[in-house]
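Hi everyone, thanks for coming. Let me put the sequence and the model up on the screen, and then we can walk through a few parts of it together.

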Amino acid sequence: MIVLLTGDDQHAIQERLNQYKAEIDAQWLTLCYHRFPAAHLDQAISVARTRSLTGGKKLVIVENCHLKQWGDTELETLQQLVQVPEFTILVFVATNVDKRLKIYKHLVKYAKFFEFSLIPPWRTDLIEKAIATQAKKIKLVLSKDAVEYLAEAIGNDMTRAATELRKLYIYGTGRQLELAEVKELVPCQTQNSLQLASAIRQGESNQVLHLLDDLLSRSEPLMVIVATLLTQFRTWLWVKSAIVSGVKKDSELAQLCSISNPNRIYYLRQEVANTSINALAKAVIMVLDLEMSIKKGVDSATSSSNRASGKNLLPTILSISRNFQS
């Protein structure tokens with residue numbers, strides 16, 4: 001069996017790999033379980049073509065295959081996929097792939113394709129459902145508000161979710177855990193630039209200060225913070241402008257605002273419902289000016305630390321937030 005696993009949900013991909021590994025006889029793992037980097041494709045294919053010495057299944061994993069790093073030589077090597085024995089599980093793992101590549105088109109002739117995408121951070125309903133499902137699998141009983149808190153505290157990081165849920169299971173010893181206990185055991189570490197954008201839009205200056213300080217203390221690059229803010233405020237401005245101009249259908253809004261997932265429109269409508277279009281326009285202009293100043297080296301390039309450069313960032317961010325205070 002030949003498989004191509006791709007996507008940014010590393011936890012889901014690792015779970016699938018663990019399932020394949022579980023099919024191998026544990027006493028023969030050293031002989032029947034192999035991992036190779038993408039640069040060693042020829043060795044991986046050579047091992048995959050060789051029948052297992054034990055007569056059972058063999059697992060061969062080729063990691064970090066974004067496919068663009070492979071050319072004609074690797075394409076020729078992949079011609080040997082037809083020779084991979086039935087009892088060999090050959091797995092190619094990629095964060096993302098370009099489906100236009102000849103390598104990809106050849107690979108999927110032989111491989112089963114599975115894509116694992118992270119839940120969008122704004123789909124808290126799906127994050128809650130995923131956490132509840134994971135908890136049920138390990139027989140961890142959580143109250144509804146505990147699940148809601150975990151979704152907020154962990155976000156869409158399903159790898160961390162699995163770790164935290166195992167910790168809660170050991171602590172709970174079969175009883176239902178309530179919100180207060182979960183809060184003590186699982187800190188909220190999901191402060192990010194998207195949350196900062198939401199706090200600015202809601203005019204919550206204290207929350208803005210807290211989130212910005214947290215981002216800078218974790219050495220989040222200023223350009224990453226500003227780029228995220230710009231993308232988010234532009235999206236809000238486009239959606240608000242389209243709604244004000246009379247666009248009603250979600251599909252039309254998604255197309256006009258270049259939003260790939262129309263389901264997101266429902267949430268964006270709620271976010272901009274009570275937001276001034278003028279405030280959004282001013283925010284976009286101010287963030288653009290901030291981005292330009294950083295690119296020109298006025299801010300972070302000459303600073304001794306990310307936190308120090310954040311002092312220049314703070315006045316602008318607070319000014320933007322004050323535009324949304326009514």
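Let's begin with the sheet: in which order do its five strands lie? Before I answer, please keep in mind that this is a predicted model. The order is β2-β3-β4-β1-β5, in an open sheet with parallel pairing. At the edges you'll find β2 (33-37) and β5 (112-115), each with a single partner strand, so one side of each is left without a neighbour in the sheet. From one strand to the next, the twist averages 20°.

Five bridges join β2 to β3 (residues 58-63) in the parallel sense, and Tyr 33 has Leu 59 of β3 as its bridge partner. Helix α5 (residues 102-110) packs on the sheet, where it touches β1 (2-6), β4 (88-94) and β5. The direction of α5 makes about 130° with that of β1.

Next, please turn to helix α15, residues 277-295. Which residues of α15 are buried? They are Ala 279, Leu 280, Ala 283, Val 284, Val 287, Leu 290, Glu 291 and Ile 294. Down the helix axis, the buried residues of α15 fall within an arc of 140°, so they line one face. In general, an α-helix has 3.6 residues a turn, so residues three or four places apart point the same way. Asn 278 and Asp 289 are exposed on the other side of α15.

Finally, the N-terminal end of α15 is capped by Ser 276, with a side-chain oxygen 3.2 Å from the backbone nitrogen of Asn 278.

Terms used. Residues numbered from 1 in each chain as written. Predicted model: local features only at pLDDT ≥ 70, side-chain atom pairs only at ≥ 80, totals over all residues. Heavy atoms only, no water. Pairing = 2+ DSSP bridges. Helix = DSSP H or I, 4+ residues; strand = E, 2+ residues; numbered from the N terminus. Axes fitted to C-alpha atoms, helices over the stretch in contact; angles between N-to-C directions. Contact = heavy atoms within 4.5 Å. Expected span 1.5 Å × (residues − 1). Buried < 20%, exposed > 50% of the residue type's maximum accessible area, 1.4 Å probe, protein only. Arc of directions from axis to C-beta. Polar contact = N/O pair within 3.5 Å; in protein donor to acceptor, adjacent residues only side chain to side chain.
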